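Visitor: I am new to this structure. Please show it to me, then let me ask about it.

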Amino acid sequence: MLTAARRAVPELTRERQRLASDPATSVWVAANAGSGKTHVLAQRVVRLLLEGVAPSRILCLTYTKAAAANMAARVFGMLAGWAVMEDGDLRKAIENIGEDGIDQNKLRFARRLFARTVETPGGLKVQTIHAFCERLLHLFPFEANVAAGFRVIEDIEQADVLAGARQHALADAAQDRDGLGAAVRRVASETWAGGFQDLLRELLNRRAQLAPWLPVAETGVESALREALSLSEDETEAEIIREMVEDGIHPAEWLAIAEALRACGSTNDKKRAADLEAACNAYESGDPSLTLAPYLRVFFKSEGAPRSSSDLVTQKIVRSCSKLAEQLAAEQARLIGLVEKRKAAAVCERSLALLKIGDAILQRYTRMKRDRGLLDFEDLIERTVQLLKRSDHRWILFKLDAGLDHVLVDEAQDTSEAQWEILAQLTEDFFSGAGQRLTRRTF
């Protein structure tokens, strides 16, 4: 059987790994996937333990449960191997991770590390940040304002609760409660059934980012949206459409212009005339929004770009009806600005409609979770942030296995802003004042 030869790790890489795993420094490691970042984290933990740091004072936070299990397996696998090694092999293994000054006392201590780590109350904490938050909240439910017996919702159960909340919200929308029906009709009219569900799913997945803007009626999100899109309060999409249709060349003039284009122009001019007649017929229905599409076809191409001057009217019209050509060019210039304004208004109104739907669903989802004593991952992070802000986080951390001295974070680029806020609270005293001077603390 053929096996691939194991490629030797370059000495420069080994040196950088030893530097990154040095327990005396705080470091940030960036490297490609599969290049050994998790190996460096595990190596750093082992070097901390070898220096006599209590296992309970080390916190390793990973992005997934699988990553936590992998890292714990690496650490305990290395320590278990050390427990049964001969002196020469053990000395070499310790030197390979960057340690020196290895005497018999250090060898004996290294052999006992596996048992010491396993038997220490609290033990070595290698877990996801959500698991860490769950543990904190269970220890301090009163301070965190959570039910003492809460449990974390499982993925399948969460999907069922969210589906139930969505069903209740859409049922209320069918009865047009709180204007929810109009919001659903607005969003549904601009997508398809599957797309509507995808939109709702994406909205719910981003509920942490949306939370500051909910509930819609109380947060000023509409004013913020209008300001960002340069819209005044009275610039609704319906009003802008009315302005586009009625405030330039009045619809009463359209048939006469169409007749002039047909009488004096070429084939292209007759196409513009047909569009004007279609717009005039639509206007008689009393709905400006139905009128707009054929009217815009006179001045814009199918992809939305303004027609060139020669495409808007031909030279025959320019020569025989120069005032008409100038009138149509001026109308096109007026509409170009309004087209962008209308897009901005549509973005604003669609966003508000979607937020209103999401707000209704999330309110019901939150109520259903509370009734069942459930917290989801977003709740764990949010409640932990509030706990650390509201209470003396130094006292909380002291009660948590007498505090932390070393924090290691895996996949830090995927750590959210709220999660970084928790980490900032955990390490606030690491690098300033007495927290820095009394003991060496690293991140």
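Visitor: By class, what does the lining of the largest pocket have?
Guide: This is a predicted model. The largest pocket is lined by 42 residues. They divide by class into 17 nonpolar, 11 polar and 14 charged residues.

Visitor: How much space lies in the largest pocket, and which residues lie nearest its centre?
Guide: The space in the largest pocket comes to about 1300 Å³. Nearest its centre are Ala208, Ala211, Glu378, Asp379 and Glu382.

Visitor: Which helix gives the most to the lining of the largest pocket?
Guide: Several elements each supply at least two residues, among them helix H11 (207-210), helix H20 (322-372) and helix H23 (417-426). With nine residues, the one that gives the most is H21.

Visitor: How many cavities of 30 Å³ or more are there, and what is the volume of the largest cavity?
Guide: A cavity is space where a 1.4 Å probe fits but cannot get out. The count of cavities of 30 Å³ or more is one. The largest cavity has a volume of about 90 Å³.

Visitor: Which elements each supply at least two residues of the lining of the largest cavity?
Guide: The residues that line the largest cavity include Leu61, Thr62, Ile129, His130, Gln419 and Leu423. By class, the lining has five nonpolar, four polar and one charged residues. The elements that each supply at least two are strand E1 (58-62), helix H6 (129-139) and H23.

Visitor: How many helices and strands are in the protein chain, and is it compact or spread out?
Guide: The protein chain has 24 helices and five strands. Its radius of gyration is 33 Å, well over the 22 Å that the globule rule gives for 443 residues, so the chain is more spread out than a compact globule. Along its principal axes, the C-alpha trace spans about 105 × 55 × 55 Å.

Visitor: What part of the contacts in the protein chain is between residues 24 or more positions apart?
Guide: Of the 443 residues in the protein chain, 42% are buried. Take the contacts with a separation of 6 or more. The share from residues 24 or more positions apart is 72%.

Visitor: Why do the buried residues of helix H4 line one face?
Guide: Helix H4 covers residues 87-96, and its buried residues are Leu90, Ala93 and Ile94. Seen down the axis of H4, they line one face because they fall within an arc of 95 degrees.

Visitor: Which helices do the buried residues of H4 pack against?
Guide: H4 is followed by Gly98, whose phi is positive, near 105 degrees. The packing partners of the buried residues of H4 are helix H2 (37-50), helix H3 (65-83) and helix H5 (104-119).

Visitor: Which residues is His39 in contact with, leaving aside its neighbours within four places in sequence?
Guide: His39 sits in helix H2. His39 is partly exposed, with a relative accessible area of 29%. His39 and Met71 are 32 residues apart in sequence, yet 7.9 Å apart in space, C-alpha to C-alpha. Beyond those sequence neighbours, His39 is in contact with Gln17 and Arg74.

Visitor: Which residues does a cis peptide bond join?
Guide: Most peptide bonds are trans. Here omega is about -5 degrees at a cis bond. Pro215 lies in the loop between H11 and helix H12 (216-219). The cis bond joins Leu214 and Pro215.

Visitor: What phi do Asn145 and Ser230 have?
Guide: Asn145 is in the loop between helix H7 (141-144) and strand E3 (151-152), and is exposed at 59% relative accessible area. Ser230 is in the loop between helix H13 (221-228) and helix H14 (237-246), and is exposed at 53%. Most residues other than glycine have a negative phi. Neither Asn145 nor Ser230 is a glycine, yet each has a positive phi of about 60 degrees.

Definitions and conventions
Residues are numbered from 1 along each chain as its sequence is written. This is a predicted model: local features need pLDDT of at least 70, side-chain atom pairs count only at pLDDT 80 or more; totals for chains, interfaces and linings use all residues. Side-chain values use heavy atoms; hydrogens and water are left out. On a 1 Å grid over the protein atoms alone, a cavity is a set of points where a 1.4 Å probe fits but cannot get out, and a pocket is an open set with protein on both sides within 12 Å along at least five of seven lines; lining residues have an atom within 4 Å of a point. Grid points are joined across faces, edges and corners, and a volume is the space filled by probe spheres set on the points. Helices (H or I, at least four residues) and strands (E, at least two) are DSSP runs, numbered from the N terminus. Ala, Val, Leu, Ile, Met, Phe, Trp, Tyr, Cys and Pro count as nonpolar, Asp, Glu, Lys and Arg as charged, and the others, Gly among them, as polar. Buried means under 20% relative accessible area, exposed over 50%, partly exposed in between (1.4 Å probe, protein chains only). The arc is that of the directions from the helix axis to the C-beta atoms. Contact means heavy atoms within 4.5 Å. The radius of gyration is taken over C-alpha atoms; the globule rule is 2.2 Å times the number of residues to the power 0.38.
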